[in-house]
Amino acid sequence: MIELEYILELQGKMIFAPDEAKIMFSSCSEEAQTEILQYAELLHLEMLFYFFFRDELPLQWRNRLRETFQAISAWELNYSAGRDLIFRQLRSVGIQPAAIKGAYLAYDVYPHPVLRAKGDYDIWIPEAGAEAAVAALEKVGFSVIAGIAPGHHLPMMVHRERRWSVELHLQVFHAYPRQPSPSALTEFLQEDGSFEPELHWLIALEHGRRGYYAGLMRALLDMGILQHKFSLSAERIQEIRRKLSLPTHPALLHEAFPDFFPKEQRMFHRDYPDWVLQQLRSLLGSSLYQGVMRDYQLSRPGTIRKIGFLAGRTLSLTPSFIRRKYGLKSDCGIKTLMRHYWREISEKIHRLRTPVKLDEETINAFEAGQRLDHFLDRQND
């Protein structure tokens, strides 16, 4: 049976020592290679393995993954056309956008866009341009999807004909204590309008903790690819972290996954209790990667958490807040505004009557994630 440690070491070598990775993969039996590829499919990483190992793959896998690679490449043409349209339209009204997460990493960092999974377009815009940005995209067929959005981005906009969806971000991180205003991010923009790669590295690190660490594997790959492509400055990463008061120490994943990061690539060091590092490794291999995040959101604890989020928002409700979060027009009356808001709360309360039941493994994984969050947030310096 292939162990998680072997997968991590193999993926690290794919990024930092590809020739060694090919030797390592080729030395496996066909049965072991099949097991590795099945694991990769579970984590939605099969295209990465095809790209690096296509000549070493068993024939049936090579043929199947080649067809998938070609199909996704065709889809990429539509995705990149949408990305280009969004950027052109925003720039036409004087807004300089910056792609983040998959919309940036796939095209500017990974060796091929197919290798970085993505769905909607995550685009940062200056806070002052929020209304103009929405209006500009509406002119080219995008429409706002009603629904309360997190504080760091506007409600999702969808182009129904082309099936594009975009999230316009005012912040690039989820909310955290002592978070500075969105304007603080402009300091880290480069001359070409993109953010510094060190900031993208920190975005990957912080998003690895989102959803109770469901994004850990993707975070490792994103951080590794960024380190390999750019000569990242450890001093600059620490400086950005201090200026933004980010909660996660940059050594966390270097210490937890030394089999992924070669010694010379571990820019940061810090002592953590063994249980913290082991808990992170167990979460990486847990069933969180089998879609249980959706089940959690529909479960009783997930629903209560969402109601708590909405209740907290109620404390700061204003008509302009509701219009912005639900994408409503400025001439909507107060009754229409409140109807949208209370409808969402009612849906969550109704869900409590028929919650999804979570299995013990999922419950344990989420509880482990919570314990880690509490510990790591207290360690913030």
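Okay, let's start at one residue: Gln89 touches Ala136, Leu137, Lys139 and Val140, leaving out residues up to four places away in sequence. By touching I mean a contact, that is, heavy atoms within 4.5 Å. Gln89 sits in helix H5, residues 59–92. Helices here are DSSP runs of H or I with at least four residues, strands are runs of E with at least two, and both are numbered from the N terminus. Gln89 is buried, with a relative accessible area of 16%. Buried means under 20% relative accessible area, exposed means over 50%, and partly exposed lies in between, using a 1.4 Å probe and protein chains only.

Before I go on, a word on what we're looking at. This is a predicted model, where local features need pLDDT of at least 70, side-chain atom pairs count only at pLDDT 80 or more, and totals for chains, interfaces and linings use all residues. Residues are numbered from 1 along each chain as its sequence is written, and side-chain values use heavy atoms, with hydrogens and water left out.

On confidence: the chain's mean pLDDT is 84, and 79% of its residues reach 70 or more; pLDDT is the predictor's confidence in each residue, from 0 to 100. Residues 287–292 fall below 50, and that stretch has 21 contacts in the model beyond near neighbours in sequence.

Stepping back, the chain has 18 helices and five strands. Of its 381 residues, 50% are buried. Take contacts between residues at least 6 apart in sequence, and 69% of them join residues at least 24 apart.

Now a helix pair. The axes of H8 (residues 197–207) and H10 (residues 216–229) come within 8 Å and cross at roughly 165°. Axes are lines fitted to C-alpha atoms, for helices over the stretch in contact, with angles from 0 to 180 degrees between N-to-C directions. H8 and H10 are therefore roughly antiparallel; the cut-offs are under 35 degrees for roughly parallel, over 145 for roughly antiparallel, 65 to 115 for roughly perpendicular, and oblique for the rest.

Who makes the contact? From H8 we have Pro197, His200, Trp201, Ala204 and Leu205, and from H10 Ala219, Asp222, Met223, Leu226 and Gln227.

H8 has another partner: the buried residues of H11 pack against H8. Which residues of H11 (234–244) are buried? They are Ala234, Arg236, Ile237, Gln238, Ile240, Arg241 and Leu244.
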